[in-house]
Amino acid sequence: MENYSIIIFILAIVIGLSAFADKAKLPYPILLVIAGIGIGFIPTMTEIEINPEIIFLLFLPPLLYDASFNISPKEFKTNINTIGTLAVTLVFLTTFWIAVVAHYMIPNITWPLAFVIGAILSATDAVAAVSITKGLNISKKTITILEGESLINDASALVAYRFAVAAVMGSAFIIWQATLQFILLLGGGFLVGFVMSKILAFILKRVHKNPNVTISFMLLMPFVTYLIAEHLHVSGVIAVVVSGLATARFSKKLLPESLKNSSRSLWDIIIFLLNGLIFILIGLNFRYVLKDIPDHMILPYIGYAFIITIVALLIRMVRIFLQKINLQKAFKNTKRKRKISEDALLDFSNSIILSWSGMRGIVSLAIAIGLPRFLEDGSPFPERNAIIFISVAVVLFTLIGQGLTLPWIVKKLNTKKEENISTV
(Lines give C-alpha, C1' and ligand atoms only; values in the text may rest on other atoms or scores of the structure.)
Protein backbone atom coordinates (compact mmCIF):
# COMPACT_ATOMS: atom_id res chain seq x y z
CA MET A 1 0.00 0.00 0.00
CA GLU A 2 2.92 2.30 0.84
CA ASN A 3 4.39 1.95 -2.68
CA TYR A 4 1.03 2.86 -4.27
CA SER A 5 0.88 5.98 -2.07
CA ILE A 6 4.40 6.98 -3.20
CA ILE A 7 3.44 6.55 -6.88
CA ILE A 8 0.34 8.75 -6.41
CA PHE A 9 2.52 11.30 -4.58
CA ILE A 10 5.05 11.23 -7.48
CA LEU A 11 2.28 11.67 -10.09
CA ALA A 12 0.99 14.72 -8.17
CA ILE A 13 4.55 16.16 -8.20
CA VAL A 14 4.85 15.45 -11.96
CA ILE A 15 1.66 17.41 -12.69
CA GLY A 16 2.52 20.28 -10.34
CA LEU A 17 6.12 20.68 -11.55
CA SER A 18 5.06 20.51 -15.21
CA ALA A 19 2.65 23.40 -14.61
CA PHE A 20 5.41 25.34 -12.82
CA ALA A 21 7.89 24.58 -15.64
CA ASP A 22 5.51 26.09 -18.20
CA LYS A 23 5.25 29.32 -16.22
CA ALA A 24 8.99 29.47 -15.47
CA LYS A 25 9.78 28.54 -19.11
CA LEU A 26 12.12 25.75 -17.98
CA PRO A 27 12.37 22.26 -19.55
CA TYR A 28 10.14 20.11 -17.34
CA PRO A 29 12.27 16.92 -17.65
CA ILE A 30 15.17 18.75 -15.96
CA LEU A 31 12.96 19.96 -13.10
CA LEU A 32 11.57 16.44 -12.64
CA VAL A 33 15.03 14.81 -12.54
CA ILE A 34 16.27 17.37 -9.98
CA ALA A 35 13.06 16.91 -7.95
CA GLY A 36 13.53 13.13 -8.09
CA ILE A 37 17.08 13.45 -6.71
CA GLY A 38 15.79 15.72 -3.93
CA ILE A 39 12.87 13.41 -3.03
CA GLY A 40 15.21 10.40 -3.04
CA PHE A 41 17.29 11.98 -0.24
CA ILE A 42 14.28 12.49 2.07
CA PRO A 43 15.16 10.22 5.06
CA THR A 44 11.66 8.68 5.30
CA MET A 45 11.49 7.94 1.56
CA THR A 46 11.44 4.20 0.90
CA GLU A 47 13.29 2.75 -2.09
CA ILE A 48 11.25 2.11 -5.23
CA GLU A 49 12.93 -0.86 -6.83
CA ILE A 50 13.03 -0.57 -10.61
CA ASN A 51 12.42 -3.88 -12.32
CA PRO A 52 13.97 -3.55 -15.82
CA GLU A 53 11.44 -5.94 -17.38
CA ILE A 54 8.55 -3.87 -15.98
CA ILE A 55 10.22 -0.67 -17.21
CA PHE A 56 10.60 -2.11 -20.72
CA LEU A 57 7.01 -3.39 -20.78
CA LEU A 58 5.24 -0.39 -19.21
CA PHE A 59 7.27 2.49 -20.65
CA LEU A 60 8.88 1.45 -23.95
CA PRO A 61 5.85 0.12 -25.92
CA PRO A 62 3.49 3.10 -25.46
CA LEU A 63 6.27 5.69 -25.94
CA LEU A 64 7.60 4.00 -29.09
CA TYR A 65 4.09 3.39 -30.43
CA ASP A 66 3.11 7.02 -29.86
CA ALA A 67 6.26 8.33 -31.56
CA SER A 68 5.92 5.97 -34.56
CA PHE A 69 2.18 6.72 -34.82
CA ASN A 70 2.80 10.48 -35.03
CA ILE A 71 5.97 10.61 -37.11
CA SER A 72 5.51 11.85 -40.67
CA PRO A 73 6.08 8.87 -43.04
CA LYS A 74 7.21 11.26 -45.78
CA GLU A 75 9.75 13.05 -43.52
CA PHE A 76 10.89 9.68 -42.13
CA LYS A 77 11.53 8.32 -45.63
CA THR A 78 13.33 11.50 -46.73
CA ASN A 79 15.71 11.34 -43.75
CA ILE A 80 16.07 7.54 -43.55
CA ASN A 81 19.78 7.74 -44.42
CA THR A 82 20.57 9.99 -41.44
CA ILE A 83 18.18 8.12 -39.13
CA GLY A 84 19.79 4.77 -40.01
CA THR A 85 23.28 6.20 -39.49
CA LEU A 86 22.41 7.52 -36.02
CA ALA A 87 20.29 4.54 -34.93
CA VAL A 88 22.65 1.74 -36.01
CA THR A 89 26.15 2.90 -37.04
CA LEU A 90 26.47 5.56 -34.31
CA VAL A 91 25.21 3.16 -31.61
CA PHE A 92 27.94 0.61 -32.38
CA LEU A 93 30.60 3.33 -32.79
CA THR A 94 29.64 4.82 -29.41
CA THR A 95 29.72 1.37 -27.78
CA PHE A 96 33.24 0.79 -29.13
CA TRP A 97 34.79 4.15 -28.21
CA ILE A 98 33.22 4.34 -24.74
CA ALA A 99 34.53 0.79 -24.18
CA VAL A 100 38.06 1.85 -25.20
CA VAL A 101 37.98 4.89 -22.87
CA ALA A 102 36.43 2.91 -19.97
CA HIS A 103 38.95 0.05 -20.27
CA TYR A 104 42.01 2.30 -20.12
CA MET A 105 40.60 4.83 -17.64
CA ILE A 106 38.62 2.90 -14.99
CA PRO A 107 40.49 0.48 -12.67
CA ASN A 108 39.47 -3.23 -12.83
CA ILE A 109 37.38 -2.77 -15.99
CA THR A 110 38.20 -5.63 -18.37
CA TRP A 111 37.37 -5.46 -22.09
CA PRO A 112 34.03 -7.35 -21.72
CA LEU A 113 33.01 -5.04 -18.82
CA ALA A 114 34.08 -1.99 -20.84
CA PHE A 115 31.82 -3.09 -23.70
CA VAL A 116 28.95 -3.52 -21.19
CA ILE A 117 29.38 0.15 -20.18
CA GLY A 118 29.60 1.18 -23.84
CA ALA A 119 26.42 -0.72 -24.76
CA ILE A 120 24.47 0.67 -21.78
CA LEU A 121 25.31 4.25 -22.77
CA SER A 122 25.21 3.86 -26.57
CA ALA A 123 21.56 4.77 -27.25
CA THR A 124 20.20 8.28 -26.85
CA ASP A 125 16.78 9.02 -25.39
CA ALA A 126 14.73 11.16 -27.76
CA VAL A 127 11.91 11.28 -25.17
CA ALA A 128 14.19 13.62 -23.24
CA ALA A 129 15.38 15.54 -26.31
CA VAL A 130 11.89 16.03 -27.76
CA SER A 131 10.43 16.95 -24.34
CA ILE A 132 13.18 19.52 -23.76
CA THR A 133 12.97 20.99 -27.28
CA LYS A 134 9.17 21.18 -27.25
CA GLY A 135 8.06 24.75 -27.78
CA LEU A 136 11.44 25.78 -29.17
CA ASN A 137 11.70 26.86 -32.79
CA ILE A 138 13.20 23.62 -34.16
CA SER A 139 12.64 22.42 -37.69
CA LYS A 140 10.32 19.49 -38.37
CA LYS A 141 13.24 17.70 -40.03
CA THR A 142 15.34 17.82 -36.82
CA ILE A 143 12.45 16.52 -34.70
CA THR A 144 11.76 13.73 -37.22
CA ILE A 145 15.42 12.63 -37.18
CA LEU A 146 15.51 12.65 -33.34
CA GLU A 147 12.26 10.67 -33.08
CA GLY A 148 13.22 8.32 -35.93
CA GLU A 149 16.58 7.64 -34.29
CA SER A 150 14.93 6.75 -30.97
CA LEU A 151 12.53 4.34 -32.71
CA ILE A 152 15.41 2.11 -33.84
CA ASN A 153 18.46 2.80 -31.66
CA ASP A 154 17.10 0.98 -28.59
CA ALA A 155 17.07 -2.26 -30.60
CA SER A 156 20.73 -1.74 -31.65
CA ALA A 157 21.80 -0.92 -28.08
CA LEU A 158 19.99 -3.94 -26.58
CA VAL A 159 21.71 -6.26 -29.08
CA ALA A 160 25.14 -4.79 -28.21
CA TYR A 161 24.31 -5.10 -24.49
CA ARG A 162 23.27 -8.76 -24.74
CA PHE A 163 26.52 -9.72 -26.48
CA ALA A 164 28.63 -7.71 -24.02
CA VAL A 165 26.97 -9.35 -20.99
CA ALA A 166 27.31 -12.79 -22.63
CA ALA A 167 31.05 -12.09 -23.04
CA VAL A 168 31.33 -11.27 -19.30
CA MET A 169 29.48 -14.52 -18.56
CA GLY A 170 32.11 -16.42 -20.53
CA SER A 171 30.58 -16.80 -24.01
CA ALA A 172 32.86 -16.26 -27.00
CA PHE A 173 32.03 -13.32 -29.27
CA ILE A 174 31.89 -14.35 -32.95
CA ILE A 175 31.25 -11.46 -35.34
CA TRP A 176 29.29 -13.38 -37.99
CA GLN A 177 27.01 -14.92 -35.35
CA ALA A 178 26.41 -11.49 -33.81
CA THR A 179 25.60 -10.00 -37.25
CA LEU A 180 23.23 -12.87 -38.08
CA GLN A 181 21.46 -12.56 -34.73
CA PHE A 182 21.10 -8.81 -35.20
CA ILE A 183 19.49 -9.33 -38.64
CA LEU A 184 17.18 -12.05 -37.27
CA LEU A 185 16.15 -9.88 -34.30
CA LEU A 186 15.32 -6.94 -36.55
CA GLY A 187 13.73 -9.03 -39.31
CA GLY A 188 11.65 -11.01 -36.81
CA GLY A 189 10.56 -7.81 -35.07
CA PHE A 190 9.54 -6.31 -38.42
CA LEU A 191 7.49 -9.42 -39.26
CA VAL A 192 5.72 -9.52 -35.86
CA GLY A 193 4.91 -5.79 -36.06
CA PHE A 194 3.55 -6.15 -39.60
CA VAL A 195 1.37 -9.18 -38.71
CA MET A 196 0.02 -7.49 -35.54
CA SER A 197 -0.89 -4.34 -37.49
CA LYS A 198 -2.83 -6.51 -40.00
CA ILE A 199 -4.65 -8.23 -37.13
CA LEU A 200 -5.52 -4.83 -35.60
CA ALA A 201 -6.74 -3.54 -38.98
CA PHE A 202 -8.96 -6.62 -39.34
CA ILE A 203 -10.44 -6.06 -35.84
CA LEU A 204 -10.93 -2.29 -36.21
CA LYS A 205 -12.81 -2.67 -39.51
CA ARG A 206 -15.44 -4.61 -37.56
CA VAL A 207 -15.60 -2.58 -34.33
CA HIS A 208 -14.73 1.00 -35.41
CA LYS A 209 -18.30 2.16 -34.82
CA ASN A 210 -17.82 1.48 -31.09
CA PRO A 211 -15.41 4.23 -29.88
CA ASN A 212 -14.57 2.67 -26.48
CA VAL A 213 -13.73 -0.74 -27.94
CA THR A 214 -11.70 0.81 -30.79
CA ILE A 215 -9.60 3.02 -28.49
CA SER A 216 -9.10 0.12 -26.04
CA PHE A 217 -7.77 -2.14 -28.80
CA MET A 218 -5.40 0.60 -29.97
CA LEU A 219 -4.14 1.13 -26.41
CA LEU A 220 -3.53 -2.58 -25.85
CA MET A 221 -1.80 -3.22 -29.19
CA PRO A 222 1.72 -1.91 -28.33
CA PHE A 223 1.87 -4.02 -25.14
CA VAL A 224 0.58 -7.18 -26.85
CA THR A 225 2.93 -6.68 -29.83
CA TYR A 226 5.94 -6.15 -27.54
CA LEU A 227 5.15 -9.23 -25.42
CA ILE A 228 4.65 -11.50 -28.45
CA ALA A 229 7.90 -10.32 -30.08
CA GLU A 230 9.92 -10.78 -26.89
CA HIS A 231 8.35 -14.22 -26.34
CA LEU A 232 9.53 -15.19 -29.85
CA HIS A 233 13.02 -13.79 -29.02
CA VAL A 234 12.91 -11.08 -31.68
CA SER A 235 13.05 -7.29 -31.24
CA GLY A 236 10.00 -6.03 -29.35
CA VAL A 237 11.18 -2.46 -30.05
CA ILE A 238 11.12 -2.91 -33.85
CA ALA A 239 7.81 -4.84 -33.66
CA VAL A 240 6.11 -1.95 -31.81
CA VAL A 241 7.58 0.66 -34.18
CA VAL A 242 6.45 -1.21 -37.33
CA SER A 243 3.02 -1.81 -35.79
CA GLY A 244 2.68 1.91 -34.92
CA LEU A 245 3.74 3.08 -38.40
CA ALA A 246 1.35 0.66 -40.13
CA THR A 247 -1.55 1.43 -37.76
CA ALA A 248 -1.09 5.19 -38.34
CA ARG A 249 -1.51 4.67 -42.10
CA PHE A 250 -4.74 2.67 -42.08
CA SER A 251 -6.35 4.46 -39.10
CA LYS A 252 -6.24 7.79 -40.99
CA LYS A 253 -8.53 6.31 -43.65
CA LEU A 254 -10.64 4.10 -41.40
CA LEU A 255 -11.39 6.11 -38.25
CA PRO A 256 -13.67 9.18 -38.12
CA GLU A 257 -12.13 12.49 -37.04
CA SER A 258 -13.99 12.58 -33.69
CA LEU A 259 -12.63 9.15 -32.73
CA LYS A 260 -9.08 10.13 -33.74
CA ASN A 261 -9.33 13.26 -31.55
CA SER A 262 -10.62 11.24 -28.55
CA SER A 263 -7.82 8.70 -28.99
CA ARG A 264 -5.23 11.47 -29.36
CA SER A 265 -6.38 13.19 -26.14
CA LEU A 266 -6.15 9.95 -24.15
CA TRP A 267 -2.72 9.11 -25.59
CA ASP A 268 -1.45 12.63 -24.78
CA ILE A 269 -2.39 12.21 -21.10
CA ILE A 270 -0.84 8.71 -20.88
CA ILE A 271 2.41 9.81 -22.56
CA PHE A 272 2.60 12.95 -20.38
CA LEU A 273 2.31 10.89 -17.17
CA LEU A 274 4.73 8.18 -18.36
CA ASN A 275 7.33 10.79 -19.37
CA GLY A 276 6.98 12.47 -15.98
CA LEU A 277 7.37 9.18 -14.11
CA ILE A 278 10.47 8.30 -16.16
CA PHE A 279 12.32 11.50 -15.26
CA ILE A 280 11.32 11.37 -11.58
CA LEU A 281 12.45 7.71 -11.37
CA ILE A 282 15.84 8.57 -12.90
CA GLY A 283 16.37 11.17 -10.17
CA LEU A 284 14.95 8.99 -7.38
CA ASN A 285 17.25 6.13 -8.20
CA PHE A 286 20.45 8.14 -7.67
CA ARG A 287 20.42 7.90 -3.86
CA TYR A 288 20.01 4.10 -3.87
CA VAL A 289 22.77 3.63 -6.44
CA LEU A 290 25.02 5.95 -4.38
CA LYS A 291 24.70 3.85 -1.21
CA ASP A 292 26.47 0.87 -2.82
CA ILE A 293 29.60 2.89 -3.69
CA PRO A 294 32.52 3.30 -1.21
CA ASP A 295 32.87 6.97 -0.13
CA HIS A 296 36.43 7.31 -1.44
CA MET A 297 35.34 6.16 -4.94
CA ILE A 298 32.38 8.53 -5.40
CA LEU A 299 34.40 11.48 -6.79
CA PRO A 300 36.61 9.35 -9.10
CA TYR A 301 33.51 7.59 -10.52
CA ILE A 302 31.79 10.94 -11.07
CA GLY A 303 34.94 12.08 -12.90
CA TYR A 304 34.92 8.96 -15.10
CA ALA A 305 31.23 9.53 -15.86
CA PHE A 306 31.93 13.14 -16.87
CA ILE A 307 34.75 12.08 -19.25
CA ILE A 308 32.51 9.36 -20.79
CA THR A 309 29.78 12.00 -21.29
CA ILE A 310 32.24 14.24 -23.18
CA VAL A 311 33.50 11.28 -25.27
CA ALA A 312 29.93 10.27 -26.21
CA LEU A 313 29.11 13.88 -27.17
CA LEU A 314 32.24 14.22 -29.32
CA ILE A 315 31.63 10.89 -31.11
CA ARG A 316 28.07 11.97 -31.87
CA MET A 317 29.19 15.38 -33.08
CA VAL A 318 31.90 13.96 -35.36
CA ARG A 319 29.54 11.34 -36.84
CA ILE A 320 26.77 13.88 -37.50
CA PHE A 321 29.10 16.36 -39.20
CA LEU A 322 30.58 13.51 -41.30
CA GLN A 323 27.01 12.60 -42.26
CA LYS A 324 26.40 16.24 -43.24
CA ILE A 325 29.48 16.14 -45.54
CA ASN A 326 28.56 12.71 -46.98
CA LEU A 327 25.02 13.85 -47.82
CA GLN A 328 26.31 16.95 -49.59
CA LYS A 329 28.78 14.87 -51.63
CA ALA A 330 26.06 12.36 -52.55
CA PHE A 331 23.69 15.17 -53.52
CA LYS A 332 26.29 16.69 -55.86
CA ASN A 333 27.23 13.32 -57.36
CA THR A 334 25.34 13.22 -60.67
CA LYS A 335 26.48 9.65 -61.43
CA ARG A 336 24.78 8.24 -58.33
CA LYS A 337 21.75 6.03 -59.15
CA ARG A 338 19.75 6.89 -56.02
CA LYS A 339 19.75 10.65 -55.78
CA ILE A 340 19.79 12.25 -52.35
CA SER A 341 16.89 14.67 -51.94
CA GLU A 342 17.77 18.28 -51.17
CA ASP A 343 15.35 18.04 -48.22
CA ALA A 344 17.58 15.33 -46.68
CA LEU A 345 20.63 17.62 -46.46
CA LEU A 346 21.77 18.86 -43.05
CA ASP A 347 22.80 22.43 -42.39
CA PHE A 348 25.02 23.71 -39.56
CA SER A 349 22.07 24.42 -37.22
CA ASN A 350 20.54 20.94 -37.75
CA SER A 351 23.90 19.32 -37.08
CA ILE A 352 24.58 21.24 -33.85
CA ILE A 353 21.08 20.62 -32.45
CA LEU A 354 21.19 16.91 -33.36
CA SER A 355 24.66 16.62 -31.79
CA TRP A 356 23.63 18.32 -28.55
CA SER A 357 20.37 16.34 -28.29
CA GLY A 358 22.19 13.07 -27.55
CA MET A 359 20.86 12.69 -24.02
CA ARG A 360 20.69 9.32 -22.28
CA GLY A 361 17.57 8.27 -20.39
CA ILE A 362 15.34 5.49 -19.13
CA VAL A 363 16.63 2.71 -21.43
CA SER A 364 20.22 3.24 -20.26
CA LEU A 365 19.01 3.30 -16.65
CA ALA A 366 16.88 0.16 -17.02
CA ILE A 367 19.52 -1.98 -18.73
CA ALA A 368 22.17 -0.85 -16.22
CA ILE A 369 19.98 -1.83 -13.27
CA GLY A 370 19.09 -5.05 -15.12
CA LEU A 371 22.72 -6.27 -15.02
CA PRO A 372 22.84 -9.83 -13.62
CA ARG A 373 23.87 -9.99 -9.96
CA PHE A 374 25.78 -13.25 -10.39
CA LEU A 375 27.78 -15.05 -13.06
CA GLU A 376 26.93 -18.60 -14.10
CA ASP A 377 29.40 -20.04 -11.57
CA GLY A 378 27.63 -18.19 -8.73
CA SER A 379 30.30 -15.51 -8.23
CA PRO A 380 29.20 -11.85 -8.13
CA PHE A 381 29.02 -9.93 -11.43
CA PRO A 382 32.33 -7.99 -11.46
CA GLU A 383 32.20 -4.22 -10.83
CA ARG A 384 28.38 -4.25 -11.06
CA ASN A 385 27.85 -1.36 -8.61
CA ALA A 386 30.53 0.76 -10.30
CA ILE A 387 28.99 0.20 -13.76
CA ILE A 388 25.49 1.12 -12.51
CA PHE A 389 26.74 4.23 -10.69
CA ILE A 390 28.76 5.49 -13.68
CA SER A 391 25.82 4.81 -16.04
CA VAL A 392 23.34 6.70 -13.83
CA ALA A 393 25.83 9.58 -13.45
CA VAL A 394 26.22 9.83 -17.27
CA VAL A 395 22.41 9.85 -17.66
CA LEU A 396 22.19 12.70 -15.14
CA PHE A 397 25.09 14.64 -16.73
CA THR A 398 23.49 14.46 -20.17
CA LEU A 399 19.95 15.25 -18.99
CA ILE A 400 20.89 18.17 -16.74
CA GLY A 401 24.01 19.47 -18.55
CA GLN A 402 22.91 19.14 -22.18
CA GLY A 403 19.24 19.56 -21.27
CA LEU A 404 19.72 22.93 -19.58
CA THR A 405 21.98 24.29 -22.34
CA LEU A 406 20.04 22.96 -25.37
CA PRO A 407 17.29 25.66 -25.30
CA TRP A 408 20.01 28.36 -25.12
CA ILE A 409 21.89 26.81 -28.10
CA VAL A 410 18.67 26.60 -30.15
CA LYS A 411 17.88 30.25 -29.34
CA LYS A 412 21.41 31.37 -30.36
CA LEU A 413 21.28 29.42 -33.64
CA ASN A 414 17.83 30.83 -34.49
CA THR A 415 19.01 34.38 -33.72
CA LYS A 416 22.07 33.89 -35.95
CA LYS A 417 19.87 32.50 -38.76
CA GLU A 418 17.51 35.50 -38.52
CA GLU A 419 20.49 37.90 -38.65
CA ASN A 420 21.84 36.15 -41.75
CA ILE A 421 18.43 36.36 -43.46
CA SER A 422 18.08 40.06 -42.65
CA THR A 423 21.54 40.86 -44.07
CA VAL A 424 20.86 39.05 -47.37
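Biologist: How many residues does helix α9 have, and how far does it reach from its first C-alpha to its last?
Modeller: This is a predicted model, so keep that in mind. Helix α9 runs over residues 140-168 and has 29 residues. From first C-alpha to last, α9 reaches 42 Å, close to the 42 Å expected at 1.5 Å a residue.

Biologist: Where does α9 bend?
Modeller: At I152, by about 35 degrees.

Biologist: Is α9 mostly covered or mostly open?
Modeller: Mostly covered. Of its 29 residues, 24 are buried.

Biologist: What follows α9?
Modeller: G170, whose phi is positive, near 115 degrees.

Biologist: Let's look at I83. Which helix is I83 in?
Modeller: I83 sits in helix α6, residues 80-105.

Biologist: Is I83 buried or exposed?
Modeller: Buried. I83 has 0% relative accessibility, and buried means under 20%.

Biologist: Which residues is I83 in contact with, leaving aside neighbours within four places in sequence?
Modeller: F76, T144, I145, G148, E149 and I152.

Biologist: New topic. How many salt bridges does the structure hold?
Modeller: Four. Side chains of opposite charge can pair when their charged atoms come close.

Biologist: What does E149 pair with?
Modeller: With R316. Their side chains meet in a salt bridge at 2.8 Å, N to O. R316 lies in helix α14 (residues 295-332) and E149 in helix α9, so the pair ties together parts that are 167 residues apart in sequence.

Biologist: Are R316 and E149 buried or exposed?
Modeller: R316 is buried, and E149 is buried too. E149 is also one of the residues in contact with I83.

Biologist: What about R162? Which residue does R162 meet in a salt bridge?
Modeller: E230, at 3.7 Å, N to O. This pair links distant parts of the chain: R162 is in helix α9, and E230 is in helix α11, residues 211-231. They are 68 residues apart.

Biologist: Which residues form a network of salt bridges?
Modeller: D66, R264 and D268 are linked in one. R264 is partly exposed at 24% relative accessibility. D268 is partly exposed at 41%.

Biologist: Zoom out. How many helices and strands are there?
Modeller: The protein comes to 17 helices and zero strands.

Biologist: How does the radius of gyration agree with that of a compact globule?
Modeller: With 424 residues, a compact globule would have a radius of gyration near 22 Å. The protein has 22 Å, so the two agree. Its C-alpha trace spans about 60 × 55 × 50 Å along its principal axes.

Biologist: Last one. What share of the residues is buried?
Modeller: Of the 424 residues, 52% count as buried.

How values were computed
Residues are numbered from 1 along each chain as its sequence is written. This is a predicted model: local features need pLDDT of at least 70, side-chain atom pairs count only at pLDDT 80 or more; totals for chains, interfaces and linings use all residues. Side-chain values use heavy atoms; hydrogens and water are left out. Helices (H or I, at least four residues) and strands (E, at least two) are DSSP runs, numbered from the N terminus. The expected span of a helix is 1.5 Å times one less than its number of residues. The bend at a residue is the angle between axes fitted to the seven residues ending there and the seven starting there. Buried means under 20% relative accessible area, exposed over 50%, partly exposed in between (1.4 Å probe, protein chains only). Contact means heavy atoms within 4.5 Å. The radius of gyration is taken over C-alpha atoms; the globule rule is 2.2 Å times the number of residues to the power 0.38.
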